[in-house]
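Please open the structure in your viewer and keep the selection tool at hand. The stops below each name something to select and then say what is there.

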Amino acid sequence: MPYASVSDVQSLVPTQIWTASGGSQPSDAQVQAWLAQTSRWIDGTLRWRYASMTGSDSDPIVSDPSDLLAVQAVCALLVAAQVWDVLGGHAAQEPSSGPVLREQAYRLLAYDAAEGRSYVTLPNTALSSTGEAEGGL
């Protein structure tokens with residue numbers, strides 16, 4: 001299940017810009033697919049440090065409500081950046097906010113692109129039992 005919703009993403013893109021794009025706007029189904037894909041990517045950046053509730057690699061890493069809020073914001077920002085990328089050519093009077101949203105999401109996630117890892121602290125999410133997080137690898 002995605003960490004954010006279509007309405008979370010819509011709240012980050014002005015309605016007049018989203019609706020002004022006409023038929024080329026991303027559909028709710030496309031945004032939902034991006035949310036699912038982005039949620040899996042977020043889990044991948046967290047898996048080295050945190051464990052899923054069941055220990056399965058296919059289950060979400062974050063389930064605690066307070067930790068979910070942090071991850072929800074990151075997911076919504078990253079997908080809103082994708083929406084801005086699609087809408088960029090349709091509202092020439094409005095510069096794309098995609099890069100700014102993406103940068104903000106990476107900062108919130110404490111994402112290290114060179115390592116492909118997130119160093120965000122999720123106080124209520126269980127640490128991985130692999131020892132990698134504790135060892136600082």
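Predicted model: local features only at pLDDT ≥ 70, side-chain atom pairs only at ≥ 80, totals over all residues.

Residues are numbered from 1 along each chain as its sequence is written, and side-chain values use heavy atoms, with hydrogens and water left out.

Select residues 98–109, which form helix α5; helices here are DSSP runs of H or I with at least four residues, strands are runs of E with at least two, and both are numbered from the N terminus. The twelve residues of α5 reach 16 Å from the first C-alpha to the last, close to the 16 Å expected at 1.5 Å a residue (the expected span being 1.5 Å times one less than the number of residues).

Now select Gly98, Leu101, Ala105 and Leu109, which are buried (buried means under 20% relative accessible area, exposed over 50% and partly exposed in between, with a 1.4 Å probe and protein chains only). Seen down the axis of α5, the buried residues fall within an arc of 70 degrees, so they line one face of the helix; the arc is that of the directions from the helix axis to the C-beta atoms. These buried residues pack against α3 (28–46), α4 (65–87), β1 (111–112) and β2 (117–118), where contact means heavy atoms within 4.5 Å. On the other side of α5, select Val100 and Arg107, which are exposed.

**Aromatic rings.** Next select Trp41, Tyr106 and Tyr111, which ring pairs link into a cluster. Rings of Phe, Tyr and Trp (its six-membered ring) pair if their centres lie within 6.5 Å, and planes under 30 degrees apart count as stacked, over 60 as edge-to-face and the rest as tilted. By this rule the count comes to four aromatic pairs. In one of them, Trp41 and Tyr106 have ring centres 6.1 Å apart and planes at 45 degrees, so the pair is tilted. Trp41 lies in α3 and Tyr106 in α5, so the pair ties together parts that are 65 residues apart in sequence. Tyr106 and Tyr111 also form a tilted pair, at 5.2 Å centre to centre with 35 degrees between the planes.

**Salt bridges.** Finally, select Arg102 and Asp85, whose side chains meet in a salt bridge (2.7 Å, N to O); the term requires a side-chain nitrogen of Lys or Arg within 4 Å of a carboxyl oxygen of Asp or Glu.
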